[in-house]
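This report describes one protein chain, from its overall make-up to selected residues. The sequence and the model are shown first.

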Amino acid sequence: MKQRFFIFLSMMILTFSSAQARTAPDAKVVLDKLAKQFTIVGRYADVSMNVVRETRSELIQFEVFSLDENHLRLEVSNPPRVKGSAIVRNAENLWISMPRMERILHYTVKTGKKNDQAIFGSDLRLGDLFGSFENYGTTVEKRGLLESEGYRLILVAPDQLQRITMDLDELDLPEIITVEEMIQGPKFLPVRRLHVKSWTGSGAKRRPVTMIIEDLKKPQRFTQVEIQSWVGSRSFPEDL
């Protein structure tokens, strides 16, 4: 009887371990998922950003129109100080229009990928919207000792000056993204972190709803991004 009990117990442990085990994801598959889940393609979205600073906070609201990956328009509707400001991507060109300041900034997608330009004073950067990891080195490793704890994807920029760590959830989608830079000496220091707090939909239709972007150099600074709606059919601006 005792021997049977131990055999039964061993089988239960092996079954539980097999159920909990996860296979290490392929880096390219993870990045393809990231592009699909975080990119507004052929859609319209209402977005609000609550920008929190040491002594104040400001709500920025904008609309995003997108025909495809190469044609996108982001236009601010509130607050008055930046109302009408827009970011437009047309093929390889990025334009930032700030009518109240009578300024128009031009970037190419190539320079925009690494650009650290803050978007309307928030912790969101131009490179976050138009970034590409095409030439980054990739490594997948465990988040802990067990496969059940999941995996993380580590990307290193071609110039070796930036490292991005993505902690993956059970669907191998980035849950926490930490950006590190080599500011002084041969050591990476964390500068920003993006944490996806909630999602909508499932499978291929899963989309982020609430995200927190933290400035790790100044802990009292962060931006909370809320995507109010994802709409598949909407009339797009003619200049898109």
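Helices (H or I, at least four residues) and strands (E, at least two) are taken as DSSP runs and are numbered from the N terminus. In these terms glutamine 160 falls in the loop between β8 (151-156) and β9 (162-168). The model is a predicted one.

**Overall make-up**

The chain has 4 helices and 13 strands. Of its 240 residues, 38% are buried. Among contacts in the chain with a separation of 6 or more, 37% are between residues 24 or more positions apart.

**Backbone features in loops**

Glutamine 160 has a phi near 65°, a positive value in a residue other than glycine. The relative accessible area of glutamine 160 is 46%, so the residue is partly exposed. Aspartate 172, in the loop between β9 and β10, is not a glycine either, and its phi is positive at about 60°. With 15% relative accessibility, aspartate 172 counts as buried, because the limit for buried is under 20%.

A cis peptide bond links asparagine 78 to proline 79, with omega near 10°. Proline 79 belongs to the loop between β3 (71-78) and β4 (86-90).

**Two glutamates in strands**

Glutamate 58 is part of strand β2 (residues 57-68). Its side chain makes a polar contact of 2.7 Å with the side chain of arginine 81. Not counting residues up to four places away in sequence, glutamate 58 touches Met49, Asn50, Val51, Pro79 and Arg81.

Glutamate 175 is part of strand β10 (residues 174-181). Leaving aside neighbours within four places in sequence, its contacts are Arg143, Asp167, Leu168, Asp169, Leu194, His195 and Val196. The C-alpha atom of glutamate 175 is 9.4 Å from that of serine 198, a residue 23 positions away along the chain.

Are these glutamates buried or exposed, or in between? Glutamate 58 is buried, whereas glutamate 175 is partly exposed. The table gives their values with those of other residues discussed here.

| Residue | Relative accessibility | Class |
|---|---|---|
| Glutamate 58 | 17% | buried |
| Glutamate 175 | 28% | partly exposed |
| Phenylalanine 133 | 23% | partly exposed |
| Tyrosine 136 | 12% | buried |
| Glutamine 160 | 46% | partly exposed |
| Aspartate 172 | 15% | buried |

**The aromatic pair**

How many aromatic pairs does a search of the whole structure find? The search finds 1. The ring centres of phenylalanine 133 and tyrosine 136 are 5.3 Å apart and the planes stand at 85°, so the pair is edge-to-face. The angle decides the class, because planes over 60 degrees apart count as edge-to-face. Of the two partners, phenylalanine 133 is partly exposed at 23% relative accessibility, and tyrosine 136 is buried at 12%.

**The second largest pocket**

The volume of the second largest pocket is about 210 Å³. It is lined by 15 residues, of which Val82, Met98, Met101, Phe120 and Gly121 are the closest to its centre. By residue type, the lining of this pocket consists of 10 nonpolar, 3 polar and 2 charged residues.

Conventions: Residues numbered from 1 in each chain as written. Predicted model: local features only at pLDDT ≥ 70, side-chain atom pairs only at ≥ 80, totals over all residues. Heavy atoms only, no water. 1 Å grid on protein atoms, 1.4 Å probe; cavity = no way out; pocket = protein on both sides within 12 Å on 5 of 7 lines; lining within 4 Å. Points joined across faces, edges and corners; volume = space filled by probe spheres on them. Nonpolar A, V, L, I, M, F, W, Y, C, P; charged D, E, K, R; others polar. Buried < 20%, exposed > 50% of the residue type's maximum accessible area, 1.4 Å probe, protein only. Contact = heavy atoms within 4.5 Å. Polar contact = N/O pair within 3.5 Å; in protein donor to acceptor, adjacent residues only side chain to side chain. Phe/Tyr/Trp six-rings, centres within 6.5 Å; stacked < 30°, edge-to-face > 60°.
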